Amino acid sequence: MSPSKNPRPEPASSAPKQGSARRAAGQPAAERGPGGPAGQPTGRAVDSSRPQIRPKAEGWKQPMDAEGRPKLQFAQPKVKQPPQHLADMTLDERIAKAKELGISGFRAKQLSVHYFRHYTADPDQMTDLPAETREQLVEEFLPPLLTEVRRLKTDDGATIKFLWRLFDGALVESVLMRYRSRITLCISSQCGCGMNCPFCATGQNGLTRNMSSAEIVDQIVQANRAIAAGELDAPNAAEVAEEKDHAALGEETDFAESEESAAAGKSASSSSSAGVGPQRVSNIVFMGMGEPLANYKRVMNAVRRMVDPAPEGLGMSARGITISTVGLVPAIRKLADENLPITFALSLHAPDDELRDQLIPVNSRWKADEAIDAAHHYYKTTGRRVSIEYALIKDMNDHQWRAELLAEKLNARGRGWVHVNPIPLNPTPGSIWTSSEPEVMRAFVNRLEALGVPTTLRDTRGKEIDGACGQLAAAED
């Protein structure tokens, strides 16, 4: 069900009363006036040395709707869909298809073993299949989905960005990263994106189409193939040291665990760091191209292929999968009912509607408090701690009063349910869209922590190959 077909919910009743968290923390409530420049509330601590910079699209024309607001695309255009692939189907569906073709259902299981366990679609490697039907079986069940156009590797060899061409010529990217104790793959779920966020390179492309479940899964299979071939190096000593101060991409899953599980995870991480680490993708983050919850049905089918035990799927842990969204509220609430212990991340980027309307155009449909309420509902339903993603943008959303407002809103809904995960926006020389200064980032993080909100600054791998968050544009040049 497309989120665009859901009626907008009534404003959430659990939205906090301003100042409640401040009073609970023993601090005086701020006097709330009509607001200062760019929506800054009067009465809050003001950093007068840093004026508010307003967002604006640079180097491209942001599409607008008939009412003059940034245009949103929830439904994909009517385009030809990719051929059905083994990964689109459950094992029972594969067996049924084989029988319809007059082939033993056992052959469908053998193909599944080759694809999900050995990461191959090459008939020459499937010597356990009859030679006379091998080509037909591969053609029927394993049509080519992703063709590698280019790969870029960082100098240390621990990060690889893949550019893929799909069956219809559309281009998408995924990024593979080896950390001390995990291998994370940042995957795409759409060709382009319809959410039209002005600071994201993907959003400038608009939405071409949704990716199929198998196209989503095939990014993982091909990444595992590269790992098995020894093409991903271990992180160097400097990067391992940096992990002590920054959260690795994919570490959202750790934030979602209970205190006992988190402690056990840290112990396991420290012991595994002395070894070679995992030899296949262990963590998935839906933070590549596209808005995952705008492609809900196919994304969830792909997630089930990820967690289904081999040979039905990849046999991954659901706890190692993070789905990130800009705030499609009905779909967030639907995700909470899926009965899968995946980690949920809300890309908030501003706690106030005045700025978030401009940074995240979907905020015109579901406001910041509604999105935070839906995230809190996810926690209450699943028991999984939620991650709040917050790109720190110089002089735009990194002022102290926004850290205070963010803490106020999160604490008003309770304690222990959320972890804030700021990330420096990837710098663009001469642009308003650039990362906050290091001392400003530290002050923002420190303010949140002082107000009782667990906060970890996230690592930004792959900047030099345009593979970090917000940089994926799927360009051949």
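Reply: Let us begin with the term on which packing rests: contact means heavy atoms within 4.5 Å. The model shown here is predicted.

Me: Which residues of H13 meet H14?

Reply: On the H13 side they are Gln400, Arg402, Ala403, Glu404, Leu406 and Ala407, and they meet Ala443, Phe444, Arg447 and Leu448 of H14. By class, the residues of this contact comprise 6 nonpolar, 1 polar and 3 charged.

Me: How is the spacing of such residues along a helix to be read?

Reply: An α-helix has 3.6 residues a turn, so residues three or four places apart point the same way.

Me: At what angle do the axes of H13 and H14 cross?

Reply: The axes of helix H13 (residues 400-411) and helix H14 (residues 438-450) cross at roughly 30° and come within 9 Å. Angles under 35 degrees count as roughly parallel, and H13 is therefore roughly parallel to H14. The crossing of H13 past H14 is right-handed.

Me: Is Ala407 buried or exposed?

Reply: Burial requires under 20% relative accessible area. Ala407, a residue of helix H13, has a value of 1% and is therefore buried. Its C-alpha atom is separated by 9.8 Å from that of Pro454, 47 residues apart along the chain.

Me: How many residues of helix H10 are buried, and what covers them?

Reply: In H10 (residues 329-336), 6 of the 8 residues are buried, so that the helix is mostly covered. The buried residues are Val329, Pro330, Ala331, Ile332, Leu335 and Ala336. Their cover includes helices H9 (296-307) and H12 (368-382), together with strands S8 (321-325) and S9 (343-347).

Conventions:
Residues numbered from 1 in each chain as written. Predicted model: local features only at pLDDT ≥ 70, side-chain atom pairs only at ≥ 80, totals over all residues. Heavy atoms only, no water. Buried < 20%, exposed > 50% of the residue type's maximum accessible area, 1.4 Å probe, protein only. Helix = DSSP H or I, 4+ residues; strand = E, 2+ residues; numbered from the N terminus. Axes fitted to C-alpha atoms, helices over the stretch in contact; angles between N-to-C directions. Parallel < 35°, antiparallel > 145°, perpendicular 65-115°, else oblique. Left-handed = near helix turned anticlockwise from the far one by under 90°. Nonpolar A, V, L, I, M, F, W, Y, C, P; charged D, E, K, R; others polar.
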